[in-house]
Amino acid sequence: MSWGTGAEPPAARRQAGSRRPAPRPAGTAPWAELHCHSSFSFLDGAATPGELVAEAARLGIEVLALTDHDGMYGVPQFAQAARRLADQGGPKLVTFFGAELSN
């Protein structure tokens with residue numbers, strides 16, 4: 001893990017800049033993924049927040065919500081990765097944060 005270092009795995013950096021997403025056909029709405037779990041959702045999510053941002057950029061997803069189980073532990077890394085993507089000239093990814101709560 002890269003707690004607070006701002007580092008992303010090299011593979012995630014390559015993916016984000018490797019290809020430009022295909023343009024969206026005219027008259028279609030942007031895709032917004034509103035149910036996404038990171039590796040902070042044990043047994044349900046496998047990718048780090050930075051890897052999720054890189055893959056969303058590669059796929060042309062414009063809006064992504066991180067909704068891990070019972071907490072918002074991945075939100076800082078998620079927000080930092082989205083900001084880095086935009087600062088490096090990548091697409092602007094609109095981010096939402098939430099949690100899937102259980103009792």
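This is a predicted model: local features need pLDDT of at least 70, side-chain atom pairs count only at pLDDT 80 or more; totals for chains, interfaces and linings use all residues.

**A walk through the model**

Helices (H or I, at least four residues) and strands (E, at least two) are DSSP runs, numbered from the N terminus. Phi of D70 is near 55°, a positive value in a residue other than glycine. As a general point, most residues other than glycine have a negative phi. With a relative accessibility of 38%, D70 is classed as partly exposed. In this talk, buried means under 20% relative accessible area, exposed over 50%, and partly exposed in between, with a 1.4 Å probe and protein chains only.

Residues are numbered from 1 along each chain as its sequence is written, and side-chain values use heavy atoms, with hydrogens and water left out.

L43 is exposed, with a relative accessible area of 93%.

Let us now consider the chain as a whole. It has three helices and three strands, and along the sequence these follow the pattern α-β-α-β-α-β. Of the 103 residues in the protein chain, 32% are buried. The protein chain exposes about 6600 Å², and carbon and sulfur atoms supply 60% of that area; accessible areas come from the Shrake-Rupley method with a 1.4 Å probe, and for residues only the protein chains shown count as cover.

How are the strands arranged? Strand 1, residues 32–36, runs parallel to strand 2, and three bridges join them. Two strands are taken to pair if DSSP finds at least two bridges between them. Within this pairing, C36 has L66 of strand 2 as its bridge partner. Strand 2 is also parallel to strand 3, residues 94–100, and is joined to it by seven bridges. There, A65 stands opposite F96 of strand 3.

Strand 1, helix 2 (residues 49–59) and strand 2 make a right-handed β-α-β unit. From strand 2, the chain then crosses through helix 3, residues 75–87, to strand 3, and this β-α-β crossover is right-handed. Right-handed here means that, with the strands pointing away from the viewer, the path from the first strand over the helix to the second runs clockwise.

What, then, lies in the interior? Strand 2, residues 63–69, is mostly covered, with six of its seven residues buried. In helix 2, the buried residues are P49, G50, L52, V53, A54, A56 and A57. The largest nonpolar core has 13 residues, of which L52, V53, A56, L64, F78 and L93 touch the most other members. Helix 2, strand 2 and helix 3 are the elements that give two or more residues to this core. Such a core is a set of buried Ala, Val, Leu, Ile, Met, Phe, Trp, Tyr and Cys residues joined through side-chain atoms within 4.5 Å.

Leaving aside neighbours within four places in sequence, F78 is in contact with P49, V53, L64, L66, T95, F96 and F97, where contact means heavy atoms within 4.5 Å.

A search of the whole structure finds one salt bridge, the term denoting a side-chain nitrogen of Lys or Arg within 4 Å of a carboxyl oxygen of Asp or Glu. R58 forms a salt bridge with E55, and their closest N and O atoms are 2.7 Å apart. The two residues are three apart in helix 2, and are therefore separated by about one helical turn. R58 is partly exposed at 23% relative accessibility, and E55 is likewise partly exposed, at 26%.

Just after helix 2, G60 takes a positive phi of about 80°. I61 lies in the loop between helix 2 and strand 2 and is buried, with a relative accessible area of 17%. Not counting residues up to four places away in sequence, I61 touches W31, E33, A56 and L93.
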